[in-house]
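I opened this entry to note what I looked up in the model.

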Amino acid sequence: MKESEQLKESSEQTSFQASTSTNNFVPDLSQKRWFCASLDASGKTFRQEADSPTSFIKVINNSVVSWVDYITDDPEKDLPIVATQMGFTEPFILFLSSGTLLNYQDFDNEMWMRFPSIQIRGTEVKAHALMILINKNTVFTVHMRNVDKRFIRLRRYSEAILRKIPVEAVPRDKLTMLLSRIIDANNDSNFRHLRVIEEFGDDLNKDLMDPKTDKAQLGPKIYEMKHALIIYMDGLWESVDVLHAMRYGDAELLTDDERLLNGVSIMIDQVKSQLGLSEHMSEVLASGIEATQAIYNNQLTIANNQLTILNNRFAQLAAYLAIVGTAVLIPNTIATMLGNTVWIYGPEDLWWYLILMISSTAGGSLLMWYWINRRGLLPKEKCDKS
């Protein structure tokens with residue numbers, strides 16, 4: 001049994017990798033939408049999964065503290081309906097239907113909180129909402145079905161969690177203990193997703209160091225990495241805001257016990273430490289990108305210098321070829337012209353023929369060199385040497 005559970009949990013691990021689909025998560029349809037775990041005044045616990053809350057509403061009313069969990073596919077549509085089924089008041093339900101929900105809202109006898117549930121599916125990073133509704137003896141959580149299996153373990157061990165709550169404690173202490181345990185489980189699952197982002201960052205650094213990496217692929221990968229960190233850090237900051245409101249908000253439903261409130265402070269410190277790790281990762285990524293960009297710029301500068309040298313050499317070669325071509329073209333043209341039958345010359349005219357050939361060839365070549373030099377077609381250092 002344990003081996004099958006371990007295999008199931010390993011198959012649920014997410015990976016930040018390229019995927020043709022935006023969401024490769026297959027929801028666990030075996031879970032029933034409704035779940036209830038409660039503790040009565042005698043210390044006896046109750047746990048049940050159901051398709052409707054009607055089977056355990058009476059148990060909740062007779063309990064000292066209860067946790068009810070609901071899986072939704074459409075939170076905007078379902079939230080007011082399920083809140084009505086759980087017996088929340090009409091003003092509170094109107095607030096839920098308003099569409100302008102804050103992360104934390106205190107209605108004295110009822111409360112509303114919203115925490116992020118970070119999810120990574122393929123290359124898609126999202127922060128789904130974990131909605132928490134609280135009344136005098138119940139913590140009611142509502143979450144999306146495509147959230148990972150973080151609540152499966154919490155449901156399984158819900159009775160053990162409730163047994164650790166002292167029956168003689170005041171109601172708001174009981175609610176705070178249960179609420180803290182649920183929030184802590186959600187935070188732990190969020191923290192595990194940072195490891196996935198870190199692994200992707202390590203792969204990205206490897207690609208940045210590889211000179212054979214296609215540069216066209218680096219841009220999208222860097223954007224995905226930054227986008228993942230931004231969503232993750234935004235979710236953590238939302239968690240810090242709500243936890244601060246819990247710690248210092250003086251809500252009537254929550255405890256005033258400093259010992260329990262210090263537990264909330266510990267969760268705040270844990271979330272802030274994760275924020276620090278995320279910011280450090282962002283800085284490392286930025287410095288790595290800057291270092292890689294500097295390397296690429298140096299390589300580009302070297303390539304440009306080599307190209308300039310090569311262009312200079314080609315220009316020098318073209319100039320020399322132009323001079324050589326002039327030296328060949330002039331005598332060839334003179335020979336062609338004077339070789340015509342119109343002109344009759346004998347061996348006795350060879351001396352002035354050679355003088356014409358040599359002088360015109362030398363003069364034309366010098367004239368071509370002078371023109372090329374004036375036009376700047378020869379490299380300066382070569383011109384100085386000449």
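I looked up the largest nonpolar core, which has 58 residues; such a core is a set of buried Ala, Val, Leu, Ile, Met, Phe, Trp, Tyr and Cys residues joined through side-chain atoms within 4.5 Å. Buried means under 20% relative accessible area, exposed over 50%, and partly exposed in between (1.4 Å probe, protein chains only). Met113, Phe115, Ile132, Leu178, Leu179, Leu243 and Met246 touch the most other members. Helix H7 (residues 171–209) gives the most to this core, 14 residues; helices (H or I, at least four residues) and strands (E, at least two) are DSSP runs, numbered from the N terminus.

I noted a second, separate core of 22 residues, with Cys36, Ala50, Tyr70 and Leu79 among them.

This is a predicted model, where local features need pLDDT of at least 70, side-chain atom pairs count only at pLDDT 80 or more, and totals for chains, interfaces and linings use all residues. Residues are numbered from 1 along each chain as its sequence is written, and side-chain values use heavy atoms, with hydrogens and water left out.

I then checked the strands. E1 (residues 34–39) and E2 (residues 45–50) pair in the antiparallel sense over 6 bridges; pairing requires at least two DSSP bridges between two strands. Trp34 has Ala50 in E2 as its bridge partner. The two strands, E1 and E2, form a hairpin with 5 residues between them, and Gly43 in the turn has a positive phi of about 90 degrees.

Last, I looked up Leu317. Leu317 lies in helix H9 (residues 258–338) and is partly exposed, with a relative accessible area of 44%.
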